[in-house]
Amino acid sequence: MSGVNKVILVGHLGKDPEIRYLEGNVSVASFPLATSETYNKDGKRVEQTEWHNIVMWRGLADVAVKYLTKGKLVYIEGRLRTRTYEDKEGIRRYATEVVAETFTLLGRKSDFEPNTGTASGNTSNTQAQKGGR
C-alpha cells in the first residue's frame with residue numbers, strides 16, 4: 001500500500017504570486033499563504049499564524065497569477081514536498097512547500113468582480129485544477 005500525502009489549507013495570500021518560466025516555457029508560480037488559529041491562554045485570546053510556501057505549476061500557475069492577489073482568501077489542496085538546495089555560502093538548506101493541485105477563491109462574489117456595487121454574500125465558485133507536473 002502506498003502512503004498518502006494530502007494537504008488542505010484555507011488562508012490568506014501574504015503577497016501576490018510570483019511567476020517564472022523554466023526551460024520549455026514551463027510556468028511556476030509561488031507565494032506565501034498564512035493560516036491562523038486562535039485559542040485561549042490564561043483567559044486571553046491568542047492568535048497563532050503559520051506561513052506556508054505554495055508552489056503551482058503550468059496552467060494552474062497561469063490561472064493563479066491572473067486571479068490571486070495579496071490578502072485574498074483561498075482554499076488550496078495539494079501535497080507536501082521537501083527539497084534541498086545550497087545557499088550562496090554553500091550551506092545545504094531544506095525547504096518544505098505545498099505543491100498545489102487545485103485552488104478555490106473564497107469570499108463574496110463581489111470580491112472577484114470589478115465594478116459591482118452589490119455585496120451579495122455568495123461564495124465564489126472560481127476554481128482551478130491541476131495543470132500538470
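The model is a predicted one, and in it the protein chain has 1 helix and 7 strands, which follow one another along the sequence in the pattern β-β-β-β-α-β-β-β.

**Surroundings of threonine 35**
- Threonine 35 has its place in strand E3, and its side chain is joined to that of histidine 52 by a polar contact of 2.8 Å.
- When neighbours within four places in sequence are left aside, threonine 35 is in contact with Leu9, Val10 and Gly11, and also with Gln48, Thr49, Glu50 and His52.

**The chain as a whole**
- Of the 133 residues in the protein chain, 32% are buried, while the accessible surface comes to about 9,000 Å², with 45% of it belonging to carbon and sulfur atoms.
- Among contacts in the protein chain with a separation of 6 or more, 55% are accounted for by residues 24 or more positions apart.

**Nonpolar cores**
- The largest nonpolar core has 18 residues, and those with the most contacts inside it are Phe31, Leu33, Ile54, Met56, Leu68, Ile76 and Phe103.
- At least two residues of this core come from each of strand E1 (7–13), strand E3 (26–41), strand E4 (44–57), helix H1 (58–67), strand E5 (73–86) and strand E6 (92–105), and E6 gives the most, with 4 residues.
- Phenylalanine 31, once residues up to four places away in sequence are not counted, touches Leu13, Lys15, Asp16, Pro17, His52, Asn53, Ile54, Met56, Leu68 and Ile76.
- In soluble globular proteins, nonpolar side chains tend to be buried together.

**Strand pairing**
- Strands E5 and E6 run antiparallel and are joined by 13 bridges, with threonine 84 standing opposite tyrosine 94 in E6.
- These two strands, E5 and E6, form a hairpin with 5 residues between them, and glycine 90 in the turn has a positive phi of about 80°.
- Strands E4 and E6, by contrast, run parallel and are joined by 2 bridges; isoleucine 54 stands opposite valine 98 in E6, and Ile54 is also listed among the residues with the most contacts inside the largest nonpolar core.

Conventions
Residues numbered from 1 in each chain as written. Predicted model: local features only at pLDDT ≥ 70, side-chain atom pairs only at ≥ 80, totals over all residues. Heavy atoms only, no water. Buried < 20%, exposed > 50% of the residue type's maximum accessible area, 1.4 Å probe, protein only. Contact = heavy atoms within 4.5 Å. Areas by Shrake-Rupley, 256 points an atom, 1.4 Å probe, with all protein chains shown as cover. Core = buried A, V, L, I, M, F, W, Y, C linked by side-chain atoms within 4.5 Å. Pairing = 2+ DSSP bridges. Polar contact = N/O pair within 3.5 Å; in protein donor to acceptor, adjacent residues only side chain to side chain.
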